[in-house]
Amino acid sequence: MNSTFFKWFKALLLLLTVVSLAVFGWAANKGLDVSDESFYLLNYRYADTYHASFSSFHLIINTMLGGHEFSIAGYRIIYLFIMALQTAVFTYGFGKWLESEVGGRVQRITAGGYSIIFCYFLLATFAIFSWAPRTLSYNGINSLVIYASAGLLLFALSRPSRDRLALLALVLAGVLLPFGFFTKISAAVLCLGWHGLMLLLVRRPRVGELLIFIALPLALGIGVGTLLYFGTVQSYADWWLNFNREMKVIVKVGYGPGQMVRRYLADALHVLLFVLWPGLPLLGACVLLTGKRTNGARKPLALYGIAAVLLLVFACLCVYYNVFDHAYRNADATTRLLFLFLVAVAIVWFRRQSATLALRFSEIVVLIWLLALPAVAAFGTANSLLTNVLNDIVAWFAILLFFAFRLLSASRPEAAEGALPTAPLLAPNQRRVLYALLMLPALYVFEQAMWGSIFRPYMLPDNLLTQTEQLKAPGVRGKFYVDARFRTFVAELYATLQRGGYQHGQSIVALNDMPGLVYLMNGWSPNAPWYFSFAFERNIHALSLNPANIKGSYLLLNKALSSQEQQELQAHGLNYPTGYQLLGQLANPYNVFNADQTTVWVYAPVERR
C-alpha cells in the first residue's frame with residue numbers, strides 16, 4: 001500500500017499543512033476587522049463587564065486563559081492551537097473507529113500513525129479562514145465542543161459498550177457539552193440529541209444497557225461539566241438573569257426559532273437545486289463511468305467521450321456561475337460544491353458496490369451522523385446556514401476518508417473466500433486515481449483559505465500584502481501592522497478624542513458597527529461591546545441595561561440619526577445632540593461592513609465624568 005504515489009500524496013498533504021500554518025502565523029499580526037473580530041476582542045478585554053449576552057463564550061475563553069488578556073496576534077495563534085487540539089481528538093477517535101470497521105488495516109494503509117488523517121482534517125478545519133474572522137470566537141468554542149465530543153464518541157464505538165475506556169470517553173464527551181450549551185445553546189441541544197440518536201442506533205442496546213452504558217455516563221459528564229461551569233466561569237443566578245432577558249430581546253427582533261428554521265429550509269433548497277444544476281452533468285458523468293462491466297467487456301469508447309463532454313460542461317457551468325470565487329462573498333457556493341462532491345462519491349460507491357464493499361447498518365448510521373454534523377454545529381446562526389456549515393466541514397472529509405479506506409482495505413471477492421493472502425480490490429492505477437480524487441477537496445479548501453486570508457481577508461478593504469504600517473494606538477499590544485490609510489485614520493481619531501479631554505479607559509459609544517475603534521482607543525463600550533446599524537431595538541435594549549454607564553460617554557457616529565432615534569437615545573441616557581460637542585469628522589477607510597459608513601463624526605460630552 002505504501003506506493004511511491006502514496007508517498008507523494010502524504011508529502012503534499014504535509015506540505016499544504018505546513019504552508020497553511022506558516023501563512024496564518026505570518027498573518028497573525030496583520031489587518032484588523034473593526035466589526036466582528038473587534039467585537040470578540042472587546043469582549044475578552046472586559047469579560048467581567050459584558051455579562052448581558054446570550055452567549056457566554058467570552059467568559060469561557062477568559063477562564064480558559066486564566067483571566068489574561070492577549071494581543072490580537074496572540075488570540076489568533078491560540079485559535080490555531082485550539083483547532084489543532086479539536087482535530088487531534090477527532091482524528092484519534094475517527095482512526096480508532098475506522099480500524100474497528102476495516103479490520104485494523106488503517107495503520108498499514110497510512111504507513112503507521114494517523115498523521116495523514118490529521119493533516120487532511122486540519123486542512124478542512126482551516127476552511128473557516130476562507131470567510132470568517134481569524135480570532136478565537138464563539139465559533140471556535142462551538143467547534144471544539146462538537147468535534148472533540150464527536151471524536152470521543154467514535155472512540156467509544158471502537159470498543160465494547162461495557163469497556164471502561166468507552167465509558168470514560170462518554171463521560172468526557174458529556175463534560176464538554178455544557179460548555180457548548182453556554183456558548184451556542186441551539187447547536188448544543190441539537191448536538192446532544194444527534195449524538196444520542198447515533199449511539200442508540202449503533203449500539204441498539206436493551207433498556208438496561210441504554211441506561212447504564214449510554215445515558216448514565218453522558219448524564220454524569222453533563223452534570224460534572226455544568227457544575228464546573230457554574231463553579232469556575234459564571235454563577236447560575238447571573239447566567240439565568242442574562243439568558244432569560246437576552247432571549248426575549250432576540251425573539252422580539254426577529255431572531256426566533258421559527259425564523260431560523262424557515263431560513264434554513266431555504267438554504268437546503270438551494271443546495272438541492274445546485275446538485276441538479278449545475279451539478280447534473282457531473283453526476284451524469286459519474287453514472288456513465290462507473291457502471292459494472294458485463295463478462296469483463298470493456299465500455300464503448302463513445303461512453304468515455306460523452307462523459308468527458310459532460311465534465312467539460314460542468315466545468316464551464318462552474319465558471320459561468322462563479323462557483324470558484326473566494327472568501328465570504330462565496331462561502332455558500334463552496335459548501336454547495338463540497339456537498340456535490342460528496343453526492344458524486346456516493347453515486348460512484350453504490351454503482352460499484354459489491355459483496356466486499358457492502359456497508360453495514362452501523363456504518364450507514366455513522367455516515368449520516370457525520371453528514372449532518374456541520375449543519376448541527378451551525379444551527380442557531382443568524383447568517384446563512386451554508387456559510388456557517390463551512391466552519392465545521394471536517395465531518396464531510398471524514399466521510400471521504402471512510403470510503404477511501406474501505407476501498408483500499410477491500411479484497412477481491414474471489415480471493416476473499418480462501419484462507420490464502422487476499423489480493424487488493426484496487427489495482428495500482430486505480431489507487432492513484434483514488435489518491436488524486438482525495439486531494440481535490442483538500443486542495444480546494446486550501447486555496448480558499450489562502451485566498452480568504454491573504455487576498456480577501458474578512459471585512460478588510462485591502463489585502464494583507466498592504467498591511468505594512470505599524471499601528472500605534474493605545475489599545476494595541478505588541479507590534480501590529482495595518483495599511484497606511486487605516487494607520488492615519490486611527491492616529492487622527494486618537495488626536496481628535498484627546499482634544500476633547502479623552503483619557504484611556506473612558507466610555508465610548510460607537511454608533512454603529514465600530515467596536516474596533518473603541519478597542520483601539522483603549523476605551524470601554526458601556527453595557528454592550530457592539531452597537532448595530534441593523535438592530536436599533538437591540539441598541540436601545542443595551543442602553544437601558546444601565547443608563548448611568550452611558551452618561552458622560554464619548555460618541556462616535558457614522559451616520560445621521562433621525563429625530564426618532566435621537567429621542568430614543570435621549571430617553572436612555574445619551575443626551576445627543578444637545579449634550580455633545582462636535583470635535584471633528586474623519587473620512588472612514590473602513591466601510592466594508594456597510595458601504596454607507598464613509599464618515600465618522602467624533603463627539604465629546606459637554607458634561608464629563
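Let's start at one arginine: a polar atom of the R134 side chain lies 3.3 Å from the backbone oxygen of G31. The R134 side chain also reaches the backbone oxygen of K30, at 2.8 Å. Polar contacts here are pairs of N or O atoms within 3.5 Å; within protein, one must be able to donate a hydrogen and the other to accept it, and residues adjacent in sequence count only if both atoms are side-chain atoms.

A word on the source: this is a predicted model, where local features need pLDDT of at least 70 and side-chain atom pairs count only at pLDDT 80 or more, while totals for chains, interfaces and linings use all residues. Residues are numbered from 1 along each chain as its sequence is written, and side-chain values use heavy atoms, leaving out hydrogens and water.

Back to R134, which sits in the loop between helix 6 (115–125) and helix 7 (138–157); helices are DSSP runs (H or I, at least four residues), numbered from the N terminus. R134 is buried but has no salt bridge, and E37, the nearest side chain of opposite charge, is 5.0 Å away. Buried means under 20% relative accessible area, exposed over 50% and partly exposed in between (1.4 Å probe, protein chains only). A salt bridge needs a side-chain nitrogen of Lys or Arg within 4 Å of a carboxyl oxygen of Asp or Glu.

Now for the rings: the structure holds 47 aromatic pairs, with centres within 6.5 Å and planes under 30 degrees apart for stacked, over 60 for edge-to-face and the rest tilted. One of them joins W239 and W240, tilted, at 5.9 Å centre to centre and 50 degrees between the planes. W239 counts as buried because its relative accessibility is 10%, whereas W240, at 41%, counts as partly exposed.

Terms used:
Phe/Tyr/Trp six-rings, centres within 6.5 Å; stacked < 30°, edge-to-face > 60°. Helix = DSSP H or I, 4+ residues; strand = E, 2+ residues; numbered from the N terminus. Lys, Arg positive; Asp, Glu negative; His and termini not counted.
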